[in-house]
Amino acid sequence: MDPSSRDCAQRQSARSDLSVMERILLRLSSTRSADGVLIATDAGETGAVLERVGAAIALIKARDPLRHRRMTRDLDRVWVRLLPGVSGSYRHSIRTCQLDTRFVLAETTSVAVIAATILHEATHARLMACGFDYAEGRRQRIEAICLRREIAFARTLPDGREVRE
């Protein structure tokens with residue numbers, strides 16, 4: 001299979017993983033590029049969401065340039081939307097870090113915590129790209145790796161205590 005056919009097959013597979021409603025929401029989302037990462041949101045407070053996530057990506061770039069470069073290779077976008085029960089998740093089929101709108105907009109959530117969550121999900125992307133799927137037997141080890149990435153990022157911050165907790 002030539003590379004263009006493979007890319008087309010991957011895009012088709014990703015489209016089939018999204019529900020019709022998700023495809024519509026993603027297409028209608030407001031977007032902005034921040035330091036090489038596309039941010040999409042369908043939130044009502046678009047400006048605040050884009051600003052906070054953009055600041056988190058800028059913080060990653062400033063404090064951990066290596067992880068930022070890897071993140072831009074492994075993720076196609078950060079999509080801020082309502083996610084039931086979680087603050088973030090990684091959607092492999094569309095190479096997307098998803099963040100919950102309420103988490104991003106909460107006054108108790110700092111930009112550093114948003115950045116750490118993005119890095120956590122980007123670590124899932126990196127591991128998936130290296131062939132480590134999220135099988136039941138591996139979940140605990142994979143989550144430990146992602147948590148260590150968050151802690152390593154926290155150590156680069158002047159006051160990373162909030163991220164470590």
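**Asking what the words mean**

Mentor: Let us begin with Arg95, which is partly exposed, with a relative accessible area of 29%. Please keep in mind that this is a predicted model, where local features need pLDDT of at least 70, side-chain atom pairs count only at pLDDT 80 or more, and totals for chains, interfaces and linings use all residues. Residues are numbered from 1 along each chain as its sequence is written, and side-chain values use heavy atoms, with hydrogens and water left out.

Trainee: Why is Arg95 called partly exposed?

Mentor: Buried means under 20% relative accessible area, exposed means over 50%, and partly exposed is in between (1.4 Å probe, protein chains only). Arg95 has 29%, so it is partly exposed. Asp35, at 32%, therefore counts as partly exposed too.

Trainee: What makes the phi of Arg95 worth a look?

Mentor: Most residues other than glycine have a negative phi. Arg95 is not a glycine, yet its phi is positive, near 50 degrees. Asp35 also has a positive phi, of about 50 degrees, without being a glycine.

Trainee: Where are Arg95 and Asp35 found?

Mentor: Arg95 is in the loop between strand E4 (88–91) and strand E5 (96–100). Asp35 is in the loop between strand E1 (30–34) and strand E2 (37–41). Helices (H or I, at least four residues) and strands (E, at least two) are DSSP runs, numbered from the N terminus. The protein has eight helices and five strands, in the order α-α-β-β-α-α-β-β-β-α-α-α-α.

Trainee: Why is Asp64 called buried?

Mentor: Its relative accessibility is 11%, which is under the 20% limit, so Asp64 counts as buried. Asp64 lies in the loop between H3 and H4. Leaving aside neighbours within four places in sequence, Asp64 is in contact (heavy atoms within 4.5 Å) with Leu59, Arg149 and Phe153. In the protein as a whole, buried residues make up 42% of the 165 residues.

Trainee: How do you know that the buried residues of H4 are on the same side?

Mentor: The buried residues of helix H4 (residues 65–74) are Arg67, His68, Met71 and Asp74. They cover an arc of only 135 degrees around the axis, so they sit on the same side of H4. The arc is that of the directions from the helix axis to the C-beta atoms. As background, an α-helix has 3.6 residues a turn, so residues three or four places apart point the same way. Among the elements covering the buried residues of H4 are E2, helix H3 (46–63) and helix H7 (139–155).

Trainee: What makes a group of residues a nonpolar core?

Mentor: The term is for buried Ala, Val, Leu, Ile, Met, Phe, Trp, Tyr and Cys residues joined through side-chain atoms within 4.5 Å. The largest nonpolar core has 31 residues, and those touching the most other members are Val53, Ile57, Met71, Val78, Leu99, Val104 and Ile118. Its largest share, nine residues, comes from H6. A second, separate core has five residues, including Leu18, Leu26, Trp79 and Ile94.

Trainee: Which residues does Leu99 touch?

Mentor: Not counting residues up to four places away in sequence, Leu99 touches, among others, Val53, Val78, Trp79, Val104 and Ile118.
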